Amino acid sequence: MHVAHLSLQDFRSHAAVELPLDPGVSAFVGPNGQGKTNLVEAIGYIAMQGSHRASTDAPLVRHGAPRSIVRAAVVRDDRRALIELEINPGKANRGRLNRSPVPRPRELLGILRTVLFAPEDLSLVKGDPGERRRFLDELLTTRSPRFAGVRSDYDRVLKQRNALLKSAAAHRRAPAAEMLATLDVWDSHLARTGAELLAGRLELVTALRPLVAKAYDALAPSGATGLVYRSSLAGPKGRGGPEAEEAEELPADRASLTAALEQGLAESRRSELERGVSLVGPHRDELVLRLGELPARGYASHGESWSFALALRLAAFELLRADGDDPVLILDDVFAELDAGRRRRLAEMVAPAEQVLVTAAVPADVPDELSGAAYDVADGEVTRVR
């Protein structure tokens, strides 16, 4: 799989870009602030319909423009598909496939697969649990686009349930029977959608665990890694703490997970009514990263943290590759953050991918192992120099 052509209109700093691309390595080089990261961000957005640098769509539209349009011609198994997304801040985005509108943009998910490395990935190790949940859920959606709907349904139910709990907490008296009956309905919805999301995460962590260990050993052969999925289903004593239930102790099938979530919600109802917030569900879970016997967060050095973050992305690449296609690999200003040894080892590991897109401030930041096409990016203009 590779992107054969990228077209941008009013995306970030770019008024208009028409960029043919080849398989193999393409390096975009230029000083910071010239627009090179915007190019690979656009490709990542087409794949995931989200940015690794912005939590909303508004910053993606060039200042003064009403909307942005991103298009990518994707070649997969000798078949070519044209994906188009129209980004409309404050309104619904629109999608087209081969010039024909699709009912919902998320129906385009899965046509282009990417794995993106960026300096922001350090938050996978050092950041809050939400960063690691997002990593799992985005990878789930990349592998199986139906999880975009699962996540959307879960978030909608959670929002409605939290609104009801907040309303109940505002009542100084005991909640009315009607309110409790409505809460029962939302409990059922949350358990059903939550079980689907939780089952997908557990299966994913099991598949990732050996791949992360292998990748970390290749990058920094000096420590053992571990992935532990901590669930909010452990009960009040363990919830959110070191004794929380791990993935291996959770039921494997969706029906049992649904029942476990329903039980957890019932046991937590009093606390939830007092606090006005949902305390049980995948939104409260944590993926714990371990180096040896210690959690990486708070104990790993800067170099170890970088190696762990890269190992997570490399594991995601290998998992997607095992599904049948090389995803497009994007390395956004990563090599400048690495020492010489890690830089060389990472370059050797990713070089065989069908398409690798690299951004760097100076040519020296692109390892020799990743020689290929080179582009100069300055003042929003993209010029091929090799």
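Residue numbers start from 1 along each chain as its sequence is written, and side-chain values rest on heavy atoms, with hydrogens and water left out. Since the model is predicted, local features need pLDDT of at least 70 and side-chain atom pairs count only at pLDDT 80 or more, while totals for chains, interfaces and linings use all residues.

Overall, the protein chain has eight helices and 15 strands (DSSP runs numbered from the N terminus: helices are H or I with at least four residues, strands are E with at least two). Its radius of gyration is 22 Å, close to the 21 Å that the globule rule gives for 386 residues, so the chain is as compact as a globular protein of that length (the radius is taken over C-alpha atoms, and the rule is 2.2 Å times the number of residues to the power 0.38). The C-alpha trace spans about 70 × 50 × 35 Å along its principal axes. Of the 386 residues, 53% count as buried (buried is under 20% relative accessible area, exposed over 50%, partly exposed in between, with a 1.4 Å probe and protein chains only). Among contacts between residues at least 6 apart in sequence, 70% join residues at least 24 apart (a contact means heavy atoms within 4.5 Å).

Next, the sheet. Three strands make an open sheet in the order β9-β10-β11, paired antiparallel (two strands pair if DSSP finds at least two bridges between them). β9 (225-230) and β11 (294-295) are at the edges with a single partner strand each, so one side of each has no neighbour in the sheet. β9 is joined by six bridges to β10 (residues 286-291), and L227 stands opposite L289 in β10. Helix α3 (residues 129-143) packs on this sheet, touching β9 and β10, and its direction makes about 100° with that of β10 (axes are lines fitted to C-alpha atoms, for helices over the stretch in contact, and angles run from 0 to 180 degrees between N-to-C directions). Helix α5 (residues 177-219) also lies across β9 and β10, running at about 170° to β9.

Then there is the hairpin. β14 (residues 373-378) and β15 (residues 381-384) pair in the antiparallel sense over four bridges, and V377 has V382 as its bridge partner in β15. Two residues sit between the strands. D379, in that loop, has a positive phi of about 55° without being a glycine, and at 70% relative accessibility D379 counts as exposed. Q49 also has a positive phi of about 55° and is not a glycine; Q49 belongs to the loop between α1 (36-48) and β4 (68-76) and, at 23% relative accessibility, counts as partly exposed.

F28 lies in β3 (residues 24-29) and Y375 in β14, so the pair ties together parts 347 residues apart in sequence. Both F28 and Y375 are buried. The pair of Y216 and F308 is tilted, at 5.8 Å centre to centre and 55° between the planes. Y216 in α5 and F308 in α7 (residues 302-322) are 92 residues apart, and both Y216 and F308 are buried.

Key: Rings of Phe, Tyr and Trp (its six-membered ring) pair if their centres lie within 6.5 Å; planes under 30 degrees apart count as stacked, over 60 as edge-to-face and the rest as tilted.
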